[in-house]
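Please open the structure in your viewer and keep the selection tool at hand. The tour below goes from stop to stop, telling you what to select next and what is to be found there.

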Amino acid sequence: MTISFFELVNDKFFNPFTGENKEINFEILSLINSKMDDEMRQFPREDVLSWIEDYLISTSSKLIDDETGVDEGNDYKTTAANKIRYFVTCGWLIDENDNRTLKTTYQMDSNAIVILNAMEEVLRSDTRPIEYTGYVRNVYTLLKTFQADKATEYVEQIYKNTKELVDGLRGLNVKIKNYLKKLMSDKTLTPREILDQLLVEYQDKVILKVFNNLRMKDNPNRYKGTIIEKIEALLEEKKLQELIDEYIQTKKNGIKSPERVQEAREFFKSSLEYVEMQFRYIENNLNLLDKRNAKYATTAQSRLMFLMNESEDIDGKIIELLKNIAETNDRIDDDSPFDLFDFGKIDEQSLYNPRTARRKAISTVEKEDEPIDQEELRKAHERLLKEAKFNCSNINKFILEQLSNSNKIEAKDMTFKSFDDIIKLFLAGLYSGNEIMRYKITYTGSTFKWRDKVLTNFIVERK
């Protein structure tokens, strides 16, 4: 049975981050979390109160009650006590009363620790991103030193490192996109601000540094071959059986059943196939990042050059020139502010001689009837027939034949007679958004193999 996240936390769990105090509440909760970080014990109320009170004294923010919205002035003790009560009510702090000493102690809720660490990681990654090359080397090292008696532990770490690498690259892609969007949409940026953004902020966020290290200094292609080779070896049936036995021993206390064997098989196949697929295509993903990065740098440079070229007071020069013309009796002064004669576009007679319209030359081309090459005509006809094989109508027909009398089928369960069918499967995904198609698809996030090809699996349903 699937458990909802909201079954695990208090109904008011996110309230501290929805009101006027959201930034202060985040900083106080982060402070409490860091103070409690290294110890397993519970902390006395006096300690927690003093942490919050010290923070409130050091901040210049206005103190507003979280529940009533009333201004609390400079009453730091009352505000600190209210904060503790509020965090307990919302489920961020867990309190415990000692009946013997009549004292109250506190600790962070387990889910609160996870959420706060995630929020702080977002801040860290924006200012001090970690090197993505570490993920690649970790996956490589774990597979290189793989131990069958620790198979579950190793595969969990391999999958986790790969997922974090991919998520990091996705985030990097969005960061570059946001920089590009900001650069294009903000018309108030000066040349200095663009330079700061490109050469300082863009570098400080380690977007270029992280990307260049992954692209050139420690390219995943150095490890890709070994990673894929090791995964393919682990997925061979004989080796897979060993892994399944270890999983049942580790996760199920050694008690085997058909359901548990299937669960173990799915765990290893889905995890390792995901890792294999990501490393097979990681070069393509890096190329996409490279293009977006190049686009950002080029756009920044173009915007910078445009603003620098437009920095002179052109309007002022035109006005000055017109005043000069009005005050001159017969000719423009050689000291004209525009130095018009230096441009070579006009001379002293240009003001007196009217412009004559240029006549457009008319050209005629004699039409010649060329003989039709029957062989070329035949080849063109064959090309058209071949292209028709992969049009929407034929892709529709292919998918409906695969469905037969069923309403749903997975791509991995389809029958492929030739490589043309694989092309049709790929096009089925591309065409699925077309209104005329009589099916819809849902991607599963898994892959399957056909001969030596790794294909993306998805579910096809009849509309």
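Select Glu164 and Lys160, which both lie in helix H6, 4 residues apart, or about one turn of the helix; helices here are DSSP runs of H or I with at least four residues, strands are runs of E with at least two, and both are numbered from the N terminus. The side chains of Glu164 and Lys160 meet in a salt bridge, with 2.8 Å from N to O, where a salt bridge is defined as a side-chain nitrogen of Lys or Arg within 4 Å of a carboxyl oxygen of Asp or Glu. Glu164 is partly exposed, with a relative accessible area of 29%, and Lys160 is partly exposed as well, at 42%; buried means under 20% relative accessible area, exposed means over 50%, and partly exposed is what lies in between, with a 1.4 Å probe and protein chains only.

Before moving on, note that this is a predicted model, in which local features need pLDDT of at least 70 and side-chain atom pairs count only at pLDDT 80 or more, while totals for chains, interfaces and linings use all residues. Residues are numbered from 1 along each chain as its sequence is written, and side-chain values use heavy atoms, with hydrogens and water left out.

Select Lys77 and Glu53 next, whose side chains meet in a salt bridge at 3.6 Å, N to O. This pair links distant parts of the chain, since Lys77 is in helix H3 (residues 76–90) and Glu53 is in helix H2 (residues 45–58), 24 residues apart. Which of these two partners is buried, and which is exposed? Lys77 is exposed, with a relative accessible area of 59%, whereas Glu53 counts as buried at 18%.

Then select Glu67 and Arg85, which form a salt bridge whose closest N and O atoms are 2.8 Å apart. Glu67 lies in the loop between H2 and H3 and Arg85 in helix H3, so the pair ties together parts that are 18 residues apart in sequence. Glu67 counts as partly exposed at 45% relative accessibility, and Arg85 counts as partly exposed at 38%. To see a network of salt bridges, select Glu232, Glu276, Arg280 and Lys449, which are linked in this way.

**The nonpolar cores**

Now select Phe146, Leu165, Leu169, Ile227, Phe268 and Val275, the residues with the most contacts inside the largest nonpolar core, which has 35 residues. A nonpolar core is a set of buried Ala, Val, Leu, Ile, Met, Phe, Trp, Tyr and Cys residues joined through side-chain atoms within 4.5 Å. Several helices each supply at least two residues of this core, including helix H5 (133–144), helix H9 (221–234) and helix H12 (282–309), and the largest share, 8 residues, comes from H6. Keep Ile227 selected and show what surrounds it: leaving out residues up to four places away in sequence, Ile227 touches Val136, Val139, Tyr140, Leu143, Val275 and Phe279, a contact being heavy atoms within 4.5 Å.

**Aromatic rings**

A search of the whole structure finds 16 aromatic pairs; rings of Phe, Tyr and Trp (its six-membered ring) pair if their centres lie within 6.5 Å, and planes under 30 degrees apart count as stacked, over 60 as edge-to-face and the rest as tilted. Select Phe5 and Phe14 to see a tilted pair, with 6.2 Å from centre to centre and 35 degrees between the planes. Phe5 is partly exposed, with a relative accessible area of 33%, and Phe14 counts as partly exposed at 34%. Next, select Tyr247 and Phe268: their ring centres are 6.0 Å apart and their planes stand at 75 degrees, so the pair is edge-to-face. Tyr247 lies in helix H10 and Phe268 in helix H11, so the pair ties together parts that are 21 residues apart in sequence, and both Tyr247 and Phe268 are buried.

As a last stop, select Phe5, Phe6, Phe13, Phe14, Phe17, Phe26 and Trp92, which form one aromatic cluster. Phe14, one of these residues, lies in the segment before helix H1 (22–35).
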